[in-house]
Amino acid sequence: MSLFFQHPALFGLLALGAVPLLVHLLSRAKPPQYRFSNVEFLKKVMRLTSRLRKPKDWLLLALRTLAILAIVAAFLGPMLLSKNAPLPGEKRTVVILIDRSASMAAKEGAASRFEAACAAAGEMLESGKPDAANIVWIDAAPDAVFPDPAPNREFLEEELTRAAPRPEAGAPDAALELALRQLAGAQGRKELIVISDFQATAWKGFSPVVPQGVELQMVPVAKEDAPNMAVTSLVPLPAAPVAGQQLVAQCRVANHSDEARRVSLTLDAGGSRQSQALDLPPRGEAEAAFTVRCPTAGLMPLTAEIDADSFPGDDKRHAVVRVRESIRLAITGPPDSPAAQTLARVAKALPWLEALPLGSEGKIPACEIICLPGWDGSAPEKLNEWVEQGTALIVFPGPAAPASSLATLFHVPADPAAEAPGLETSETGWEASPVAERPAFRLFAGGEFGNPLGGKFKQRTRMSAPGPADIIARFSDGKPALLQAKTRPLMVSNLSLDPAVSAWPAEPAFLPGIAELLLHLLPSKAAEGFEVEAGGKLAWTNPAGDAAGTPVLRAPDGSAWPLVAAGETWHSDTPAVPGIYQWLVSEQPVHLSAVNFPESESRLKPLDAVPDAGPAAASGKAAARAALAGGMPLWPWLMAAALALLLVEGVIAGWRPAARNA
């Protein structure tokens, strides 16, 4: 704190503080008249009528002196300023960053954290009265109320009453950068105030760095860790099922409280609903799996929901599944080879699998899965390009495929110690079986359908597993039978499809087993743009060009959102809120978009300590700090003190006993 006098030229008036002392020293009270003849009585009268004769008069002198000094000091115009506060007359610019991310909607008592933040900001603007001010909102795409700080504080206060938190994650670093740009051209005192709940997940990595000359103040508004339950995950498996197939919707629910909870979880799959009860441990999670049949091809929305709690924004989660009418399979190599003929019979037996003929000069058509029986090891780089583009690949290496080509498929250097290419034969044959319970053979996990790779294999290719390959099946002698890339839709099979050397195609489990492999290998279709982050912009690319007409975007509440065209892509500039959005052309749905609550905002625990950027202020003291920053005038207090001193002086003077006659 520091003290500033607005009228230092009046310091000479402090000499008036000596007036009471002079009055006490020079004045004499009129002595009473006594009739006596003894001289001793005269001496006694002189002592009784002298000033400064009792300690009580020293107290009156001090009270009168202090009262005059307080009155004089009030005319000097003293002001109490906070440390490093601007001097009166110095221009002051303030930019307030207010967090309006999803966690700020949490209620603590009767008001939400966001309401407390807006109230604190309003008090700062009202009490501090900066020359120029602005508000920067901390959300997914931070923005400011004014292009630059302006003196119109009333408009900012109105904006505070109209604002509301958004169901999206915040970007504190981007907001700080925007605020510093706002202050870059300001003159005089520059102040930056951050008001937030400082939610631990979002702010744990925030380390503010401000240039010299900018004062940064952090104001927390969250008092405690608010309990909450949230649906944090909804994953359909497989991601792109076919009509008539069953998918599994895996849901995860989190309990961000210190007490065990029991909730009812409901899944809505295209209008079909089913529920499960979940027991959630304290500060733990629980998962549930729903089996859903996909009746017809098209887009199917999924919504998982729990019972509403005090923070309802994250009680739902959404997903969209494209149900395929069929999966297109391209088979390379001679169509009359035993392996190609076996795969063609598989495609005829599975209604959702369509075998496509090769184009002219052996060109592979657009498809979801490519099978390469008898691969000779040529062009592994080209195969990797197909995989990177999202096409699933099943390779059956032939006896001439070198180990170096197999290593190239898995992006690893060739192993000089790998087995030379060639064939291995056995009169008794080898058996193959999955390694433990693999997702590729989920249907056979219970054991009631037998071994999906049953039968004897009398011939196989010499093949070693590259380092990063995931072995999902082995032969009875331990050698790899099926390899899969860990993160890509690539599978290498050493299981012969030639009925002359393999009994597998004749086994009852062959058809469902290879069907499970194909469905498991299908890549995720996240590139279709079904899911959009909350606060982002929705977009849809018209695959039919102008022939499809102008689309209409229907929001979850049924309202139609305005769209902007950019070539064949349509997008909305309105920040997306959680829910399922419909893209309609001629009143027919052509696309769905799922927007979800950000999982990082579900845990409502604030940081144990706000980021290190100078002393933090509690929200209740925000207005007082703002007032001190602008200067608190002390003259009303000095005048009140002077009146109080004079009142006490009058009371003490009234108690003075009257002089008694001798």
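I began by checking what a strand is: strands (E, at least two residues) and helices (H or I, at least four) are DSSP runs, numbered from the N terminus. With that in hand, I found Glu 424 in strand S21, residues 423-430.

A note to myself on the source: this is a predicted model, where local features need pLDDT of at least 70, side-chain atom pairs count only at pLDDT 80 or more, and totals for chains, interfaces and linings use all residues. Residues are numbered from 1 along each chain as its sequence is written, and side-chain values use heavy atoms, with hydrogens and water left out.

**Whole protein.** I counted 13 helices and 35 strands. Of the 662 residues, 45% are buried (under 20% relative accessible area; exposed is over 50%, partly exposed in between, with a 1.4 Å probe and protein chains only).

**Glu 424.** Is Glu 424 buried or exposed? I found it buried, because its relative accessible area is 15%. Its side chain makes a polar contact of 3.1 Å with that of Lys 479 (a pair of N or O atoms within 3.5 Å; within protein, one must be able to donate a hydrogen and the other to accept it, and residues adjacent in sequence count only if both atoms are side-chain atoms). Beyond neighbours within four places in sequence, I listed its contacts (heavy atoms within 4.5 Å), among them Trp 430, Arg 460 and Lys 479.

**Glu 90.** Next I looked up Glu 90, in the loop between strand S2 (78-81) and strand S3 (92-99). Glu 90 is partly exposed, because its relative accessible area is 35%. Not counting residues up to four places away in sequence, Glu 90 touches Asp 131, Gly 188 and Arg 189.
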